[in-house]
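Dear colleague,

I am passing on the structure below for you to look through. My notes come after it, and I would be glad if you read them alongside the coordinates.

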Amino acid sequence: MKILSIQSAVAFGHVGNSAAVFPLQRIGVEVLPVYTVNFSNHTGYGAWRGPMISPDDVREVLLGIEDRGVLPQIDVILSGYQGGEGIADVILETVQRVKAANPAAVYSCDPVMGNAKSGCFVAPAIPVLLRDRVVPAADIITPNQFELGFLTGTEPDTLESTLASVELVRATGPRTVLVTSVERPDREDGTIEMLAVDDSGAWLVQTPYIPMKANGSGDVTAALFTAHYRRTGDLAEALARTTSSVFELLTRTHESGERELQLVESQDAYADPPMQFKPRRVA
């Protein structure tokens with residue numbers, strides 16, 4: 001499998017491609033990382049150095065890949081945080097070019113906007129752009145519950161309302177949706193859930209909640225789920241494998257006391273996850 005991953009990069013720490021590439025490689029995926037920024041560290045520190053890469057320069061890199069005749073071999077286009085409006089045009093152009101070269105290719109979009117605790121942390125135009133142009137072009141999306149609400153103009157909280165919101169967003173284009181943080185009021189204390197839906201049905205998985213902010217964990221989740229789902233076509237298996245790997249990663253990071261994901265130290269959890277969580281069918 002080959003994944004073309006168009007995301008940010010940081011020298012220190014793990015977000016964007018700097019979070020997604022290694023876990024994908026560890027499960028045997030060939031990754032073509034294309035960078036949209038090249039920062040010293042993620043912006044959550046409040047200070048960083050390095051350039052945003054212009055859309056024209058990102059396009060040049062992608063056209064150079066196309067010149068090598070690689071596009072027919074691409075199975076997945078993956079995108080995450082979009083720092084500026086222009087990059088969406090480049091991504092959408094690339095999706096069209098890859099699908100023209102390989103009609104079996106899929107586009108997986110992580111529509112990064114923010115979360116329920118901090119609200120939106122992207123430029124004001126980005127959520128609207130994602131909702132109106134990018135998400136409808138995607139085959140797979142991996143929003144959190146907050147982002148799902150914005151995409152659909154709803155306020156999902158219960159399992160029923162979250163499922164209803166998923167169906168609304170599926171009607172706009174993407175057939176497969178992974179909701180990466182379902183916090184319904186009637187769940188068990190100290191837990192959090194993920195919900196995956198495609199044409200075959202809906203699956204929910206519950207794990208203990210780890211009380212920490214882990215920048216980059218969503219990037220790892222989107223990457224692993226996309227790869228497992230594309231490889232197997234089995235929604236429940238992709239959800240179970242992803243959940244197991246990410247839980248092990250977060251547990252190790254929390255126990256380390258470090259702010260950055262313990263990405264390399266957790267590598268065995270990607271290649272051979274313990275599969276300790278069993279999804280249950282909910283629709």
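What follows goes through aromatic pairs, a helix and a strand residue in turn.

Please keep in mind throughout that this is a predicted model. A search of the whole structure finds five aromatic pairs, and two of them are described here, among them the pair of F12 and Y45, whose rings are tilted, with 6.2 Å centre to centre and 50° between the planes. This pair links distant parts of the chain, since F12 belongs to the loop between β1 (2-10) and α1 (17-26), whereas Y45 belongs to the loop between β2 (30-39) and α2 (55-67), 33 residues apart.

An α-helix has 3.6 residues a turn, so residues three or four places apart point the same way. F225 is buried, with a relative accessible area of 0%, and Y229 also counts as buried, at 15% relative accessibility, because the cut-off for that class is under 20%.

Helix α3 (residues 86-101) has 16 residues and spans 23 Å from its first C-alpha to its last, which is close to the 22 Å expected at 1.5 Å a residue. Its buried residues are I87, A88, V90, I91, L92, T94, V95 and V98, and these pack against β1, β2 and α2, as well as against β3 (76-79), β4 (106-109) and α4 (125-134).

Strand β1, one of the elements against which the buried residues of α3 pack, contains S8. At 9% relative accessibility, S8 counts as buried, and, leaving aside residues up to four places away in sequence, S8 touches V15, G16, N17 and S18, together with Y35, T36 and V37.

Note on methods: Residues numbered from 1 in each chain as written. Predicted model: local features only at pLDDT ≥ 70, side-chain atom pairs only at ≥ 80, totals over all residues. Heavy atoms only, no water. Phe/Tyr/Trp six-rings, centres within 6.5 Å; stacked < 30°, edge-to-face > 60°. Helix = DSSP H or I, 4+ residues; strand = E, 2+ residues; numbered from the N terminus. Buried < 20%, exposed > 50% of the residue type's maximum accessible area, 1.4 Å probe, protein only. Expected span 1.5 Å × (residues − 1). Contact = heavy atoms within 4.5 Å.
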